[in-house]
Amino acid sequence: MLQVYTGTGKGKTTAALGVALRGAGHGLKTLMLCFLKDDPDYGEAKAVGMLPGFELRQVGRDAFVNFRNPDPVDLELCRQGWESAKDAIVKKQADIVILDELNIVLATKMLPLAEVVDFLKAHQHELEIITTGRGAPEELIKIADLVTDMSEVKHYFHKGVSSRLGIDH
């Protein structure tokens with residue numbers, strides 16, 4: 001199935017990781033490709049060795065991405081990450097493939113929407129594919145089997161509480 005976690009609220013990546021945790025409990029293998037991230041201090045990057053059958057690849061860079069005018073390096077990293085994702089899906093390298101932050105990559109046109117949607121549509125029932133990130137495009141939502149829109153109701157960030165180690169990253 002194709003699952004999409006989107007919206008303005010916290011918890012999109014966390015929900016995808018919850019599926020991976022459940023899958024590990026039943027012997028399923030998970031591959032998580034993190035678009036727009038390359039920080040070894042993220043909790044999921046540190047925990048990767050603790051979850052059997054879980055592989056994480058950070059396919060972005062640890063830098064601010066200007067979505068209005070992306071740096072060519074960011075575009076190239078997105079392309080390389082997408083090619084890696086396609087290869088993993090075609091070769092069924094995992095039972096669950098998480099494409100973290102792919103939604104925003106598509107919403108900001110860092111990858112061609114039609115190409116990605118067509119590929120996912122062709123392969124969505126071969127294994128579990130999960131996309132996360134704000135702004136999931138309608139075309140992706142239309143082909144998905146499950147869509148969860150996480151809306152922010154209240155967030156401590158607005159009170160000046162910064163990102164907390166082990167809780168938010």
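A search of the whole structure, which is a predicted model, turns up one cavity of 30 Å³ or more. The largest cavity holds about 40 Å³ of space.

The largest pocket contains about 1400 Å³ of space. It is lined by 42 residues, of which K37, Y42, E101, D168 and H169 lie closest to the pocket centre. Two or more lining residues are contributed by each of the elements α1 (12–25) and α2 (43–47), and the largest share, five residues, belongs to α1.

We turn next to helix packing. Two packed helices are described by the angle between their axes and the distance between the axes. For helix α3 (residues 72–90) and helix α5 (residues 113–123), the axes come within 11 Å and cross at roughly 15°. Because angles under 35 degrees count as roughly parallel, α3 is roughly parallel to α5. The crossing of these two helices, α3 and α5, is left-handed. On the α3 side, the contact involves R79, W82, E83, K86, I89 and V90; on the α5 side, E115, V116, F119, L120 and H123 take part. Taken together, the residues of this contact between α3 and α5 divide into six nonpolar, one polar and four charged.

Technical notes: Residues numbered from 1 in each chain as written. Predicted model: local features only at pLDDT ≥ 70, side-chain atom pairs only at ≥ 80, totals over all residues. Heavy atoms only, no water. Axes fitted to C-alpha atoms, helices over the stretch in contact; angles between N-to-C directions. Helix = DSSP H or I, 4+ residues; strand = E, 2+ residues; numbered from the N terminus. Parallel < 35°, antiparallel > 145°, perpendicular 65-115°, else oblique. Left-handed = near helix turned anticlockwise from the far one by under 90°. Contact = heavy atoms within 4.5 Å. Nonpolar A, V, L, I, M, F, W, Y, C, P; charged D, E, K, R; others polar. 1 Å grid on protein atoms, 1.4 Å probe; cavity = no way out; pocket = protein on both sides within 12 Å on 5 of 7 lines; lining within 4 Å. Points joined across faces, edges and corners; volume = space filled by probe spheres on them.
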